[in-house]
Every structure is written in C-alpha cells, then in structure tokens.
Amino acid sequence: MRELTGASRDASALWALFSDTLPEAQAKLLTDENATLSAVRDLLTATLDAAGPDDTVLFSFAGHGTHDHRLVTHDTDLNELVDTTLPMDELARRFKASRAKTVICLLDCCFSGGAPARVLEDSPSSRDAVAPFAEISGNGRVLFTACGITEEALEDSASHHGLFTQAILALLQEGEAAHSITQLISDATARVRADAARMGYVQTPTMFGHIEGEISLPGLKRGSNYERLFPDTSKIQVSTNIQDIAAFGISQPVLDSWAERFKNGLNELQLSAVNDGHVLTGESLLVVAPTSAGKTFIGEMAAVRAALRGSKAVFLLPYKALVNEKYDEFSAFYGDKIGLRVARCSGDYQDQTISILKGKFDIAIFTYETFLGLALRSKGLLPQVGLVVIDEAQFLANPGRGIIVELLLTHLLAARNKGIHPQLICLSAVIGGINALDQWLNCRLLSTTRRPVPLTEGVIDRQGLYQSRDETGAVVTAQLLQPQQIVVRRNEPSSQDLIVPLVRHLVAQGEKVLVFRNNRGSAQGSAAYLADELGLPPAQAVIDELPDLDQSSRSRELRHCLQGGTAFHSSDLRREEKAAVERAFRDPAGPVRVLVATSTVAAGVNTPASTVIIVETAFPGSQPQPYTIAEYKNMAGRAGRLGIVETGKSILLADNSISRDNLFRKYVLGTPEQIKSSFDGRTSIETWLIRLLAQVQSVTKDEAIALLANTYGGYLAARADQNWRARMTGQVEGLIARMLQNGLLEPDGDKIRLTLLGRACGQSPLRFESTLQLIESLRSFSPAEVTPLTITALVQSLPEADEDYTPIGGGKRGEPALQARVAQVFGGKIAQALQRRANDTRAYHARCKRALVLARWMEGVPTEQIEAEYSSNAFQRMAHGDIIGYADSTRFYLQSAFSIADILYQGQGPSPESIDTLFQQLEFGIPQPALPLLAVGPELNRGEYLALHSAGFTLDRLKEATVEVLSKILRKVRAEALFSWFRK
C-alpha cells in the first residue's frame, strides 16, 4: 500500500497537545508498529467500554481506509483484508454500546479516491456508498470525517499533516477559550475545502450523528510533550562539529557515520547552509559553489533529515550514469548502514517505479526527465515528496537539456499555488551571474567562489612555459617543461607532442592526472599512446575485474591501456568497465595513474585528480562550438578533492605564446557566463507551450500566456520588457489556433484543454514539430501494419534521432546497400517512411543504419560483430557507445511514440506486453527467448545473459546447475554468486 508521510505525525501531534493541556486525561497514543488491529481494539475497549455517563471519549484515526469502509492497521494483510482491518460498522456498534455521554471520532482517512489519498487503492469497493456512517446516530455520537464518502483525504507536503488534522490542530490552538464542536466542524470544513481546492481537489469534511446542547473541546497549548516530538529548530546554530546536527533530529548512527566520513567536520559552505540558509529547518536554497566545495552533502543532510521525519526526499541528476553511481553510493551508505530505503528511476529495467509511486522509499534518485515525466503522469507523486534536490542545476542553461530543468522547476513552483510545496535545494557549479534565479525560485541564495581545496589554473605552450594564477590571484610564468622535451611525434605537430612529456613529468612527481579530450576517439587514442610511452606498471587488478564476455573493440583497447597503467572513460565503455576504471582512479593507491576522459566526467562523476589537463577548447563538429567559460571551469575544478587530493592544478594546452596569452585571459581570468533560460529562442515557443499545457487541466487563452510568463525565461523577459506579455498575445493565439486545427487542443467551455493526443505530445520529450512528424508517420500505417519494431524504426526519422552521430561512408551517395537491407528486415514501406523529410541521401542512410544496428543489437549479435558490420571505414567506425546511444535515446523517445500510437490507433496498436518485451530487448540487447533470464537476482551483463542463453540455460535449468557447470560458462566468482542466489 502507498505509505503516508503525515499519519503518524497527525496522531502524535494531537496526543501531545491533549497530554500537555489535559494531563489528567491520560491520552493514549498508537503509531506505526504499535498500531496493530488488536492494539486498536484493546484501546477502544479501554475507553469506549470503560466510559461512564459523565465521560467524553475522543478517538482520532489517521491512516488508510479501504473502499469497503474499513480502517487499515499496521498489521493489515492485503490478502486477508476482512480479518485484518477494523470495519466501520464495528466502530458504529461500539459507539452505540458505550455508556459515555459523548463520543467524538475524528477520521482522517477516506474510502474512495486514488493515488494521493489516504485510501488503500486496491481494496474492493462497497456497493453501498452511504453505510455504515449513517448508522452512527443518536444523541452524543459524532463522527467527523476528513471528506465526503466519494472524495479523497489529502496530505500537506509542507507540514506533513493530513489537511483535515492540520485544520483541527490549528483551530484548537487558536485562542485560550474552549471551542464549540459545532463551530470547530464548520471552521475546519471551510479551511480544508479551500486548501484542497488549491491542490486541484475537492475535499469536504462531513459530520455524521448529532448532539443536543453544546459540547466543547478545550483550547490546546504546546508543552513538553509537543516540544519533544516537534522541537523548534529555527534558531539552532551549529559549529563545525557534525555531532551538533543532532539538534535537528538526526539519529546518532547517521551522525557517527558522517563524522567518520568527514573527519574535519562541516566546512564553511555547509556551515553557512545550516546556520544562515536554514536548510535543516525546511528552507529552500540555491547553492552556487565550485566543484569540491561540498555542495552535495548539503543536499544529503536535508534528505536524511526529511527521511527521518517520515517524509520523502528526491535527488535529480542530469545523466543515467550519475543516477546509478549515486544509487550505489547511497544504498551502501544510507541503506546498508542506516536502514533508509533508497530507490532509483532513470528509465531502465531495474527502475523501482512501482515502489516509488506507492511511497515505499525514503530517498529516490531520478534523472531530470524521468522525474518530470512521472510527476506529470502520476498526480500522487509530488504530494508525497517533502524535499527535491536538483544537482548540477546549471544545466538550466544547457541548450539541449535546459528546457527539461526549467519545466521541472516551473512545475514545482506551480505546485506551491496548489498547496504542494516541498523544500527545494538547487546545487549549481559556479556561474557568472545569478540573473535573478533565486528571486524566480523564491528561495535563499548561498553563493561562493571559494574552494576548500586550493586550485592553480594555467596555460602551457609548446615551449613549456606555464602561465598560471593561484588561489590568491598571483600570476606566475614558469618553465614547467624544457623545450627539448617537446618533440614532434608524428608527421606533423599535434597535441600528443605536449601531452606525453607533460603527463610523464606530473606522474613522476607522484600525481594522478586527468586528461580531458573533446571526443571519444581522441580519449581512447591518448590513453593508448600514454600507456605505450610512460612505462607505468600494469593495472592487472582492474583488468581481472573487467567483464570478459561480449567485448567491444573499445573493451580490448581498454585492456591494452590498463597494461600500461592508463585508462580512458567515455560512452564507448560499458557500465561495469566505467565503474572499474573510476574505482581504480579514485583510489589514491590505485594502479591507474592517468585517466583520459570526455567532458561528461566533468558533470559530477567522482574522479578526483591532482592535475587536470584540458587539451581542446571547443567541441568538434562542422562548426566547432567553443567551450563556455563555465564548461572550462567545471573541467578545471575536477583537480583536487577534499580529503583525497588537497591541492589541485589545471593546465590548458596552447600552440604558442600568443595563444597561451589569449586562452589565459579568456578562460583562466574569465568569469563564467551569466545563467540564462533556454526559453530565449533556442527552443521553439510551440514546444514550450504544449509542454506547459500538459502541466494543467484547462486554461483560458490569457492563462496560457501566464504559463509562459511563469517560466524562468518568461520571468526574465517580463522584467526586461514591460510590453513582452502584450507582444506574446498574438503569437500564442496563433499557436493555439494551430493546435486546435491539428487536434491537439479542444474547447472546454470558455477554456481550452489538451486532447488525449495533445497531452501525449505535451508529456513527450520530443520537440513540437517532431511530435507532428511522428503523428504523420504513424497515420501512414494501419494498426495491422505496425509492430513495436516498426515504430522503433520510424523513430529513427525524427530530428532528435538525426542529431545522433552515425558513421556513413561513400561520399555524397552514402551507403546505398543500407536501403535494401532495411526493406528486407523491416519492409519496403518502412524504407520509404525513413526517407520522409531527410535532408539528403546520407541522412536517409544514417536512419537506415541506426534501425539496422538496433535490430542486430536486439537479436543478441555480439557487439564486435555489429561494430564490424556497420563501421563505414577505418576512420568512421561504429563503436559500442554509438550502439548504446541509439538504444537509450530510442527507448526514451519510444515512450512517447507508443502513447501517441495507442491514441491514434484507438487501442488497436501494439500490445503492452509486446512493448515491454521490446523495451527489455533494447536495454539489454538480448533476444526475446533469453528475457526470462532477467529474473535472476545477481544483475548479469549482456555477455553473460547471451552465454547462458546460447548454452541452453533456462531459469529451471539454472536452478539445478552446479558451480562447476556454471563456471564453464561464467567466471567462477559470477558462477558462485548465481549458484548462491538460487540456493537462497
């Protein structure tokens, strides 16, 4: 059942207030594991049955109800609901049988509703919508329920109380006089109705039974019990001693673990976040600080505090790899050591989506896209969440990903207007100017450029001169290398001439060196020639750790590099290979002394180095895109890590003294760019509008303009231009007319709302024009002609897929053989459909190649064979990273494609089962008959699944297999793990 964040707090608060105000009442409290069915019945016996004619009994229940009018206790068995729940008719009988003068029951649960409500969603429904509450009648018997019988009982994400109990608590603490029960019911009903309306729901507390005369409840006052359970932490100030955080309700095991991890205690930034930013008292915060400044721990402290209060915390990260890394780290630290439940959701097979929607987590980790998509599709997710941490928040300005981050933040801000306001912590690398971001977010700002680890930044030229600036601002030029050390190593000068002697010099001083290259091929190539020239000891322990089945060409090249003590890190490596490399490089005593990586490592992967070398200053392409100063600073900031590498140095490469001076002034002395919205012409307004409309039910045309104005981009535009909103009016009206014409919008009285098709498009990560193109393509096929595989091929014709690098040879003619192969595998109609809106023949053949590569991948063809079949030539090679990239992006876009197809084909398209099968095949790259093997506990890699399948193993055969038999196929350690899992 979905967990509740406020039920225990409801009961505890009422108990504390009554106990503090009326100690002679001897109030009883049952929460969590103590609130069993027998305990509740015993409590009713001790009160209702024991009460005399002069007594008043107050009974309050906060928790789940069932659709057939039962109260759910801690030990309720989902398979035995009748025998393990408290039926309301039993409560009615007990009320009637009691000799008490007055019985008042406060019931903060509901018996209908869905995801966000206090109801057991899967319970059977009653045929009678009224009974048994009408049976609670007679003088002095009052049942005050949180809502009407067909409504939902909601919780408030800020106070972590039910709306109903929250109103009762507030009203009973107003003034010192006694409170008339009649007036209390009236006032609470009005307050709850208004609070629920803000959240977009209808919740109207309802009274059953009646009383004669006037019954009052005393005004309640906070005392020692309340202060113990709900301490006021707003004025607490802490020192650097981590143990001080105990005042915020952090448990001792957590504090001890933190103290062991951070032996120097809280740093200056973290101390300011607690004392000035009040991050541990629920204040929202924007933290802008350099890499290694300790930003992430600020989010961790707040997340643990939220979890220990019974709330839910969510971490959002830009990349799936970072989600997996953070999940592993948090699971080991907060799961295994502390007992918190850590979940993840990044679009993979192992996602714990169902558990997350049911609230069975304490900390959940998402990519930006998966959280936004789930929050839009599942109305009950956000009300559960008490804290959202957005890491790498500078992605707000990213041309490709910025729209997702901004839409996500806009959604969270809009939720505040609905009474849903989780604490928000945005963690950003250094940016040149805040540009009113904190004002838009309406949160405190904590900004610093100080690093706890000193960093020297500089530029070296081909004469070996290193021009640098240290943390004090002092500029020095020194001869880091001698000119004779820098020799031409190939037919013409290249970066290799400088990289080899520079890295040799640094490694000789005992440093670990991280080299950034701007593409995958250069990263692998640099690691290879450094392995050949440096003469470092082999990293044999890492080689032994690497998976040995289904190796790619890059897998073999990685082994070559590791033999020479170096490694590379790029999307061409498998997850297990990346993890092994990261661990080896992160270990100060590890065997990998040099790591060459692409820029993705700069976005949060934990790979601290003594020195960072940045070779290029632009991303490759037909029109190379120069690094922004912020991107450079983020790469340079990977040098040094508190507690691991106590000083850092970054070195940018230049060809000559003039270039050295220019790069020094631009990047070393430069200030990072001011953060800005991606809603500034880089993404079409059509895309913004339909995605914003997907966040609401219906709006007027004026309200549609307000949606745009509420974005960060709209906020900035309105500040800069008082006529901006007026100028947007005509443009938005034209877009609305176009969406109505395309069947994406429909009239709703004097408002407009997205149609089912429009909502599927608005919840899609695809650009507006891409969704229209997808609709056009799907309409050219009948439902009978479409399979999940054909839609997979069609997705390759979308503009987003066209942006994926695809190696194509053959000059202007491309590779014509690909067209015939597509017709053979997918059919001639797909071959024709892939031509639609292709810019040229090469673009069309690239679409064909991506479709064919994915088909081979899902067939279970070995990776090296796919690479060999679809590499155009020695210089345009298909690599493992390309294959995985196609599979991941296709899975991402297919979520929308299948939703749109289901609406267009009116449910006659591919079945949900066939879609699930395709997603599993895309993710793991194994044929359909091998999919049952995914059920085994130890997560295997593609090569292991394929090897077991090829050997004829099924789940039943694996159950009977011995270690000796399994060891003939898998490594012995993997065979033993699999054998042990089946025996458990």
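Reader: Which residue in strand 31 is the bridge partner of Glu746?

Author: The bridge partner of Glu746 in strand 31 is Arg753. Strands here are DSSP runs (E, at least two residues), as helices are (H or I, at least four), and both are numbered from the N terminus. The model is a predicted one, in which local features need pLDDT of at least 70 and side-chain atom pairs count only at pLDDT 80 or more, while totals for chains, interfaces and linings use all residues. Residues are numbered from 1 along each chain as its sequence is written, and side-chain values use heavy atoms, with hydrogens and water left out.

Reader: In which sense do strand 30 and strand 31 pair, parallel or antiparallel?

Author: Strand 30 (residues 745-748) and strand 31 pair in the antiparallel sense, over four bridges. Two strands are taken to pair if DSSP finds at least two bridges between them. These two strands form a hairpin with two residues between them. In its turn, Gly749 has a positive phi of about 70 degrees.

Reader: Which side chains of strand 31 point to which face?

Author: The side chains alternate along strand 31 (residues 751-754). Buried means under 20% relative accessible area, exposed means over 50%, and partly exposed lies in between, with a 1.4 Å probe and protein chains only.

Reader: Turning to the open sheet of eight strands, what is the order?

Author: The order is 22-21-20-29-26-23-25-24, with mixed pairing. Strand 22 (475-479) and strand 24 (566-569) stand at the edges with a single partner strand each, so one side of each has no neighbour in the sheet. The twist from one strand to the next averages 20 degrees.

Reader: How many bridges join strand 20 to strand 29?

Author: Six bridges join strand 20 (residues 455-460) to strand 29 (residues 648-653), and the two run parallel.

Reader: Which strands does helix 22 lie across?

Author: Helix 22 (residues 657-668) lies across strand 20, strand 21 (465-469), strand 22 and strand 29. The helix runs at about 150 degrees to strand 20. Such axes are lines fitted to C-alpha atoms, for helices over the stretch in contact, and angles run from 0 to 180 degrees between N-to-C directions. Contact means heavy atoms within 4.5 Å.

Reader: On to the rings. How many aromatic pairs does a search of the whole structure find?

Author: The search finds 17 aromatic pairs. Rings of Phe, Tyr and Trp (its six-membered ring) pair if their centres lie within 6.5 Å; planes under 30 degrees apart count as stacked, over 60 as edge-to-face and the rest as tilted. Phe144 and Phe164 form an edge-to-face pair, at 4.9 Å centre to centre and with 80 degrees between the planes.

Reader: Why does that pair tie together separate parts?

Author: Phe144 lies in strand 7 (residues 141-145) and Phe164 in helix 5 (residues 163-172), so the pair ties together parts that are 20 residues apart in sequence. Both Phe144 and Phe164 are buried.

Another edge-to-face pair is that of Phe315 and Phe330, at 5.2 Å centre to centre and with 90 degrees between the planes. Phe315 is in strand 14 (residues 312-317) and Phe330 in helix 11 (residues 320-337), 15 residues apart.

Reader: Are Phe315 and Phe330 buried or exposed?

Author: Phe315 counts as buried, at 0% relative accessibility. Phe330 is also buried, with a relative accessible area of 1%. Ring pairs link Phe315, Phe330, Phe333 and Tyr334 into a cluster.

Reader: Over which ring does the charged end of Lys379 sit?

Author: The charged end of Lys379 sits over the ring of Tyr201, 4.0 Å from its centre. The criterion is that NZ of Lys or CZ of Arg is within 6 Å of the ring centre and within 35 degrees of the ring normal. The charged end of Lys312 sits over the ring of Phe361, 5.5 Å from its centre.

Reader: Last topic: where is Arg554?

Author: Arg554 is in helix 19 (residues 553-563), and at 8% relative accessibility Arg554 counts as buried. Its side chain makes a polar contact with the side chain of Asp572, at 2.9 Å. A polar contact is a pair of N or O atoms within 3.5 Å; within protein, one must be able to donate a hydrogen and the other to accept it, and residues adjacent in sequence count only if both atoms are side-chain atoms.
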